[in-house]
Amino acid sequence: MGRIAATVVLGLLLVLDLALPWTPLGRRGREAAERLDEPRAVGRVGEALPDLRFVDFEGREVKLSDFRGHPTVITFERSVDW
Amino acid sequence: MARSYSLLCRTCGVLLLLGGVGFVLSSFRALAPGAESVTPFPMGPNGLYFFAFTGCALVGWGGALFAAPAGAAGRRLGTTTALALALMALYRMAVWVMGDVWWLGELPRIEAALFLLIALAFVWLRPARASSEAS
């Protein structure tokens, strides 16, 4: 009896795992996995970056080229409301 | 069947033991001054703390599986191992759903399927209750 019950539970979990990409639950994971196939938007180490544009804390648009000639550090952080 | 179960316990035991020893050694190595970058993936001191804890727990789990006795105790060890594997699979599925480790692609789901199959093997290969109590 215990063996059958355990098999049913584990089997259901296995089916859920295999079917995840096609369920509503799997939307975010599927999108995340697809990101692996996207071409990289920016260059590799040693290559010049494209003229990226950002919005600063005052709402003004800032271009990477605005900092040309100055040492610049760009950091990316995940916001709380992602 | 008891022979297959013993082989499964020993194989999984050795793998967990090796993984645990690797985790513990990596943790000690990362404690060396200026050696923060040697860990397999970036993690802060808190992550390292739990990494070391996991390594120690794996050493215990792997050792117990490797030395799994015949009889009821060995049977119960298979049951708890199957439960732990199912929990590990569930966590990997949740991580894949959340997309937090997107750079791993489908690996969390593949690992989850593998863990569930091994858990099923533990459930089906463990000796029947009567025969394990007799031995």
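**Figure 1. Nonpolar surface patch formed by A:Ile4, A:Val8, A:Leu12 and B:Trp124.** The patch covers about 400 Å²; patches consist of residues with over 30% relative accessible area and no salt bridge, nonpolar side chains (Val, Leu, Ile, Met, Phe, Trp, Tyr) being joined within 5 Å. A salt bridge is a side-chain nitrogen of Lys or Arg within 4 Å of a carboxyl oxygen of Asp or Glu, and areas are from the Shrake-Rupley method with a 1.4 Å probe. The model is predicted: local features need pLDDT of at least 70, side-chain atom pairs count only at pLDDT 80 or more, and totals for chains, interfaces and linings use all residues. Residues are numbered from 1 along each chain as its sequence is written, chains are lettered from A and ligands numbered from 1 in the order written, and side-chain values use heavy atoms, without hydrogens and water. Helix 1 of chain A gives the most to the patch, with 3 residues.

**Figure 2. Buried and exposed residues of helix 1 of chain A.** Helix 1 spans residues 2-19; helices are DSSP runs (H or I, at least four residues), numbered from the N terminus. A:Arg3, A:Leu10, A:Leu13, A:Leu14 and A:Asp17 are buried (under 20% relative accessible area; exposed is over 50%, partly exposed in between). A:Ile4 is partly exposed, at 48%.

**Figure 3. Packing of helix 1 of chain A against chain B.** Chain B has 5 helices and 0 strands.

Key. Helix = DSSP H or I, 4+ residues; strand = E, 2+ residues; numbered from the N terminus. Expected span 1.5 Å × (residues − 1). Buried < 20%, exposed > 50% of the residue type's maximum accessible area, 1.4 Å probe, protein only. Contact = heavy atoms within 4.5 Å. Patch = residues over 30% accessible without salt bridge, like charges linked within 9 Å, V, L, I, M, F, W, Y side chains within 5 Å.
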